[in-house]
2 protein chains.
Amino acid sequence: MNIPQTSYPRVVIIGGGFGGIALAKKLAKQEMQVVLLDKHNYHTFQPLLYQVSTGGLEPDSIAYPIRKILSKYPNFYFRLAMVKGVDSEKNTLDTDIGPLKYDYLVLATGSTTNFFGNKEIEANSMIMKTVPEALNLRSLILENFEEALLTDSMDRQDALMNFVIVGAGPTGVELAGALAEIKRGILPKDYPDLDTRRAQINIVQSGDKLLKGMSEKASEKAEDYLEELGVNVWKNTRVTSYDGDLVTTNTDLTFHTATLIWAAGVKGETIKGIDGKDSITFSNRIKVNDYNQVEGFKNIFAIGDIACMVSDDFPAGHPMVAQVAIQQGTHLGVNLVAFLEDEKVMKPFVYKDKGTMATVGRNKAVVDMPKFKFQGVFAWFVWMFVHLFFLIGFRNRVVVFINWVYNYIRFDREARLIIRPYKKEKTKVVKMNAVKTE
Amino acid sequence: MNIPQTSYPRVVIIGGGFGGIALAKKLAKQEMQVVLLDKHNYHTFQPLLYQVSTGGLEPDSIAYPIRKILSKYPNFYFRLAMVKGVDSEKNTLDTDIGPLKYDYLVLATGSTTNFFGNKEIEANSMIMKTVPEALNLRSLILENFEEALLTDSMDRQDALMNFVIVGAGPTGVELAGALAEIKRGILPKDYPDLDTRRAQINIVQSGDKLLKGMSEKASEKAEDYLEELGVNVWKNTRVTSYDGDLVTTNTDLTFHTATLIWAAGVKGETIKGIDGKDSITFSNRIKVNDYNQVEGFKNIFAIGDIACMVSDDFPAGHPMVAQVAIQQGTHLGVNLVAFLEDEKVMKPFVYKDKGTMATVGRNKAVVDMPKFKFQGVFAWFVWMFVHLFFLIGFRNRVVVFINWVYNYIRFDREARLIIRPYKKEKTKVVKMNAVKTE
């Protein structure tokens with residue numbers, strides 16, 4: 001990898017998400033050599049991916065080059081790499097660009113979509129955890145309407161204009177709201193020769209409330225907002241299969257749809273070598289102690305979604321959200337500096353819950369702060385302000401802000417471009433695999 | 001295609017570039033049914049593609065949904081389609097979404113890259129005529145530097161950091177200037193552990209001047225600017241082969257490079273059925289009379305790059321630039337309305353040359369107006385103003401303007417994101433083809 005050996009201890013961080021970046025910023029000023037590995041050369045602001053999917057934002061304005069975030073630190077090295085495994089005895093990583101020795105290893109690999117073992121749903125549904133995935137969904141939504149114009153079958157047309165979102169966490173709720181606004185504001189203008197009133201947006205949730213983990217009030221209000229926008233909300237319903245057209249559930253409810261978006265769960269993105277049964281716990285996350293040290297290892301740490309730190313307040317670990325990752329990254333930064341001097345001075349991590357929020361549509365958001373909870377226009381402004389604040393990069397903030405103002409005034413989302421068609425690409429890959437398996 | 005038959009005559013326009021859009025805007029208000037076909041659902045502002053390739057702009061801000069441009073016209077229909085051929089006897093088009101009858105047909109298919117028959121160069125070089133192509137180039141440039149960090153071979157490292165641009169028209173010159181600015185302003189910060197001073201930008205031109213078609217003064221000044229920026233300018237040199245590493249020319253000059261960008265020529269994008277020997281002339285363009293009528297056809301017209309209208313002033317047809325396409329589109333709009341009433345009242349097209357311009361870098365541009373010519377800072381401001389003016393969409397203009405201001409103040413280009421890796425994708429396709437041909 002051409003990274004020089006220095007007298008400084010080498011800390012390798014896997015993953016440039018919220019946790020990895022927060023940690024790298026802390027460490028890169030210290031007497032350590034910090035190596036960050038990521039499979040993308042940019043940090044993704046995941047909370048706004050749904051706006052990329054729905055044509056409200058450019059992908060470039062919610063992504064930020066990792067090299068640029070950390071270019072001012074002399075001891076920092078970035079490598080574009082996919083990590084294949086860890087050899088914890090030899091303190092070595094195996095990656096697609098060669099092996100790498102570490103003195104300290106931090107797993108900040110985040111989480112991946114959890115299909116709970118359902119291969120059929122995995123093969124046929126859309127997900128939205130990365131920029132390319134969000135762009136695939138954007139392409140597919142638009143391609144569906146283009147195709148709907150061409151078909152003479154009413155059934156097929158309905159399936160193409162029917163969107164089923166599984167999972168009513170923030171991602172599912174925000175996406176449902178955005179699609180409902182597109183149905184109302186954009187489809188009738190863009191497709192005057194199509195009866196877009198027949199377009200349907202469905203959100204299906206296995207539990208009995210939306211936005212699990214938020215307050216009763218927030219959950220109820222979010223449901224009201226979605227219904228005002230014309231979204232069909234299905235609670236206490238579990239999707240059991242999807243073959244690319246028919247969705248079945250554990251109730252009598254079925255749908256015909258060309259687009260099922262799976263936002264029903266995430267699981268820790270583990271790495272070979274640290275994925276023994278002893279290390280893994282709820283949601284495929286890695287057990288860590290109060291110092292984010294992976295159980296059974298002295299020089300391996302884990303932060304953010306991948307880490308499960310069990311405590312009295314969080315018996316199943318902290319929520320898998322950006323705030324936890326950022327706070328653990330920053331905290332581990334302080335701890336690691338202390339650890340290198342004397343391992344006893346590490347301080348246990350304590351999560352400061354700054355609140356949770358979700359937006360459903362224009363002027364419609366819900367905010368739960370530790371002290372007070374509110375909904376509506378003010379919550380919506382708070383949501384926007386907080387997201388702009390946490391976005392990395394001044395230019396990104398300005399561009400996102402301009403887009404929001406424009407979209408708000410004009411009831412519009414102009415980035416409805418099929419830059420890389422998704423259906424064709426999928427067919428090509430399927431064909432390719434078919435050829436291979438012959 | 002589910003387009004209703006009405007009592008209005010149906011005009012089918014193939015291509016949503018500058019010409020097609022200008023024409024559609026004119027006709028869609030008239031008593032005609034206008035059908036526009038394009039293989040993308042967006043209009044591309046091609047003059048700024050090089051800024052997408054070099055990370056200065058988002059693709060979404062130089063593309064604009066075609067449906068939105070024309071959504072207010074009731075007689076307008078858009079279909080996302082690839083046209084396969086024309087049956088001029090039956091007045092029918094063959095497309096990938098089915099056949100389509102026309103009363104009047106307008107070819108506005110533009111131009112495609114001309115490799116002058118060199119298959120090897122075509123297989124190994126990068127081009128930049130569409131948004132996906134510009135993004136592929138962006139990815140490749142960044143992937144090259146990531147790879148250069150990893151290799152121990154100095155030769156390979158030099159090849160990865162060597163860029164060879166073939167063709168010194170506006171595209172080649174503008175790209176060379178942008179790459180030179182990246183070398184100077186961004187590479188040393190992003191890749192501190194790489195000796196980026198060794199990066200080379202070469203521009204190779206078969207003729208003896210840059211920006212052929214512009215004034216002597218503009219051409220000389222552009223060359224000065226490029227040299228100031230550290231670009232190697234090679235005139236009177238014709239690239240003869242490129243195997244993915246070695247570039248040979250008709251002189252002793254050779255290069256080792258991982259990236260050859262071919263901007264050396266374009267040719268008309270003809271369509272089966274209107275590509276007989278009688279219809280085709282210089283640069284694979286279609287012969288039209290003074291009314292943009294394709295020779296030999298009464299109800300088929302051609303505008304823009306694809307059309308070759310020979311006159312005393314333009315013995316080889318008009319230049320293949322946006323201005324000609326826009327003027328011909330608008331003019332044909334007026335002519336077609338007249339033609340439908342009485343074919344004799346059509347007026348011959350006369351090109352009003354509004355000037356030509358190219359930008360090389362910050363504060364460095366050249367402008368040739370019919371009455372006066374100027375270069376430098378003022379030319380650079382004029383270039384920016386004109387490009388913002390012709391860009392479609394208020395939001396796009398604001399976002400592009402913000403990016404330019406930011407990039408100017410910060411000497412930066414933040415969209416250096418590898419969203420769809422190019423090398424991997426290419427390898428996949430090559431493998432796929434290999435499997436197929438076995």
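1. The structure is a predicted model, in which local features need pLDDT of at least 70 and side-chain atom pairs count only at pLDDT 80 or more, whereas totals for chains, interfaces and linings use all residues. Residues are numbered from 1 along each chain as its sequence is written, chains are lettered from A in the order in which they are written, and side-chain values use heavy atoms, with hydrogens and water left out.

2. A:Glu223, at a relative accessible area of 14%, is buried, and the residue belongs to helix α9 (residues 216-228) of chain A; helices are DSSP runs of H or I with at least four residues, strands are runs of E with at least two, and both are numbered from the N terminus. Its side chain makes a polar contact of 2.9 Å with that of A:Lys235.

3. Over all chains there are 36 salt bridges, each being a side-chain nitrogen of Lys or Arg within 4 Å of a carboxyl oxygen of Asp or Glu. One of them pairs the side chains of A:Glu414 and B:Lys68 (3.9 Å, N to O). Because A:Glu414 sits in the loop between α12 (394-410) and α13 (422-437) of chain A, and B:Lys68 in helix α3 (residues 66-69) of chain B, this pair joins two chains. A:Glu414 is buried at 1% relative accessible area, and B:Lys68 is buried at 18%.

Terms used
Buried means under 20% relative accessible area, exposed over 50%, partly exposed in between (1.4 Å probe, protein chains only). A polar contact is a pair of N or O atoms within 3.5 Å; within protein, one must be able to donate a hydrogen and the other to accept it, and residues adjacent in sequence count only if both atoms are side-chain atoms.
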